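This report describes a single protein chain. The sequence and coordinates come first, followed by the description.

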Amino acid sequence: FFSSRRRHTRSLCDWSSDVCSSDLARPTVQRAPVADGLLGDWVEPGDLPDAVASPAVTVVGDDLHVLGGARSLMSGETDAVLRGPIAADTAGPFEAEATLPSARAHSHQSPAWEDHIYSTGGSIDHEDQDAVYVGTLE
């Protein structure tokens with residue numbers, strides 16, 4: 001990484017590792033190429049519209065999906081779902097795609113399978129969540 005990271009999230013696709021930065025002062029997307037199991041140099045190909053800590057991310061095709069997160073260090077969970085194109089040297093622009101049925105952040109996951117994306121776990125106001133939300137990818 002460019003600097004130490006906490007409250008970040010990562011998605012690994014077939015050609016790169018994508019990281020949404022945890023730095024609430026900088027809504028940066030960082031990425032590094034993967035070759036033979038090793039990470040290459042980190043770059044910052046773009047920014048999210050707003051800084052968010054602990055979102056869930058996943059790459060589907062050429063898009064980076066960013067689900068939920070927190071707008072402040074210990075609170076401010078959001079239900080926002082963003083999607084933006086991601087390539088080797090660019091990320092974004094990101095647009096609001098939908099909203100989750102409920103805000104969530106802090107260690108939740110967003111795996112994708114076929115034409116669906118899932119939002120699982122996490123916490124709201126430090127209460128663990130057990131709901132699984134399912135959305136359809138278009």
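## Confidence

The structure is a predicted model. The mean pLDDT of the protein chain is 78, with 80% of the residues at 70 or more. Confidence is lowest in strand β2 (residues 16-20), where the mean is 51. At the other end of the scale stands strand β8 (residues 80-85), with the highest value, 92. Where pLDDT is low, the predicted coordinates should not be read in detail.

## Overall make-up

The protein chain has 14 strands and zero helices. Read along the sequence, the pattern is therefore β-β-β-β-β-β-β-β-β-β-β-β-β-β.

Of the 138 residues in the protein chain, 44% are buried. The accessible surface amounts to about 7,400 Å², and carbon and sulfur atoms account for 49% of that surface. Among contacts between residues at least 6 apart in sequence, 37% join residues at least 24 apart.

## The four-stranded sheet

Four strands form an open sheet in the order β6-β7-β8-β9, with antiparallel pairing. The edges are taken by β6 (56-60) and β9 (95-99); each has a single partner strand, so one side of each lacks a neighbour in the sheet. With direction ignored, neighbouring strands of this sheet are turned by 25 degrees against each other on average.

The antiparallel pair of β6 and strand β7 (residues 63-67) is joined by five bridges. Val 57 has Val 66 in β7 as its bridge partner.

## Pairings around β12

Strand β12 (residues 116-124) pairs with strand β11 (residues 112-113) in the antiparallel sense over two bridges. In this pairing, Trp 113 has His 116 of β12 as its bridge partner. The two strands, β11 and β12, form a hairpin with two residues between them, and Glu 114 in the turn has a positive phi of about 50 degrees.

β12 also pairs with strand β13 (residues 127-128), again antiparallel, over two bridges. Ile 124 is placed opposite Glu 127 in β13. The hairpin of β12 and β13 has two residues between the strands, and Asp 125 takes a positive phi near 50 degrees there. A further antiparallel pairing joins β12 to strand β14 (residues 132-136) through five bridges.

## Nonpolar cores

The largest nonpolar core consists of eleven residues: Val 29, Leu 48, Val 52, Val 57, Val 59, Leu 64, Val 66, Leu 82, Ile 86, Ala 91 and Phe 94. The elements that contribute two or more residues to this core are β6 and β7.

The bridge partners Val 57 and Val 66 are both members of the largest core.

## Pro 27 in its loop

Pro 27 lies in the loop between β2 and β3 (28-35). Which residues does Pro 27 contact, leaving aside its neighbours within four places in sequence? They are Gly 46, Asp 47, Leu 48, Asp 50 and Ala 51. Of these, Leu 48 also belongs to the largest nonpolar core.

Pro 27 and Ala 51 are 24 residues apart along the chain, while their C-alpha atoms are separated by 4.1 Å.

Notes:
Residues are numbered from 1 along each chain as its sequence is written. This is a predicted model: local features need pLDDT of at least 70, side-chain atom pairs count only at pLDDT 80 or more; totals for chains, interfaces and linings use all residues. Side-chain values use heavy atoms; hydrogens and water are left out. pLDDT is the predictor's confidence in each residue, from 0 to 100. Two strands pair if DSSP finds at least two bridges between them. Axes are lines fitted to C-alpha atoms, for helices over the stretch in contact, and angles run from 0 to 180 degrees between N-to-C directions. A nonpolar core is a set of buried Ala, Val, Leu, Ile, Met, Phe, Trp, Tyr and Cys residues joined through side-chain atoms within 4.5 Å. Buried means under 20% relative accessible area, exposed over 50%, partly exposed in between (1.4 Å probe, protein chains only). Contact means heavy atoms within 4.5 Å. Accessible areas come from the Shrake-Rupley method with a 1.4 Å probe; for residues, only the protein chains shown count as cover.
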